Amino acid sequence: MIHKYNAKKTTYDGIQFPSKYESLVYQYLKQLEFLGEIHSIERQIKIVFFCTQLTKTRKNQITTIVDFSFIKNGEKVYVEAKGMNTPVFQLKKKLWIHMIRKPLIIFHGMKKGNPAVSEMICFED
């Protein structure tokens, strides 16, 4: 089956990724972890923007799945690997800025053979 954005599933280190670009971002993060700059890399983290209790057993949630997270200097940082910058992602980014308010790094494109950071969203306390 062909992905609508021509993403090709890729396996790296025994892990299947939905796109080659996402696997490249993971490899880059693993390099940073090896160098001791970051630690505790996680994949596919579910984030709840908001939740409404419809009944005792049913909830209505608006969520997103963030590609990666890691710890740097004691702070959890989230990472998105974007091959295509879609309107849905633009909406999720706005929700992130206004509701989640945690560091988010967005990778898009390549620079000198590594995934390139296209945007960093940070917040001051």
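These questions and answers concern a predicted model of a protein chain.

Q: Why is S69 called buried?
A: A residue is buried when its relative accessible area is under 20%. The relative accessible area of S69 is 0%, so S69 is buried. S69 is found in strand β4, which covers residues 59–72. Leaving aside neighbours within four places in sequence, S69 is in contact with residues including S40, I41, E42 and Y78.

Q: What makes C122 exposed?
A: Exposed means over 50% relative accessible area. C122 has 54%, and therefore C122 is exposed.

Q: How many disulfides does the rule give?
A: A disulfide is a covalent bond between the sulfur atoms of two cysteines. The rule asks for a pair of cysteine sulfur atoms within 2.5 Å, and by this rule the count is 0.

Q: What makes M99 partly exposed, and where is M99 placed?
A: The relative accessible area of M99 is 38%, which is between 20% and 50%, so M99 is partly exposed. The place of M99 is in helix α2, residues 87–100. Together with F50 and I62, M99 makes a nonpolar surface patch of about 240 Å². A patch residue needs over 30% relative accessible area, and M99 has 38%.

Q: What secondary structure does the protein chain have?
A: The protein chain has 2 helices and 7 strands. From the N terminus on, the elements run β-β-α-β-β-β-α-β-β.

How values were computed:
Residues are numbered from 1 along each chain as its sequence is written. This is a predicted model: local features need pLDDT of at least 70, side-chain atom pairs count only at pLDDT 80 or more; totals for chains, interfaces and linings use all residues. Side-chain values use heavy atoms; hydrogens and water are left out. Patches are made of residues with over 30% relative accessible area and no salt bridge: like charges are joined within 9 Å, nonpolar side chains (Val, Leu, Ile, Met, Phe, Trp, Tyr) within 5 Å. Accessible areas come from the Shrake-Rupley method with a 1.4 Å probe; for residues, only the protein chains shown count as cover. A salt bridge is a side-chain nitrogen of Lys or Arg within 4 Å of a carboxyl oxygen of Asp or Glu. Helices (H or I, at least four residues) and strands (E, at least two) are DSSP runs, numbered from the N terminus. Buried means under 20% relative accessible area, exposed over 50%, partly exposed in between (1.4 Å probe, protein chains only). Contact means heavy atoms within 4.5 Å.
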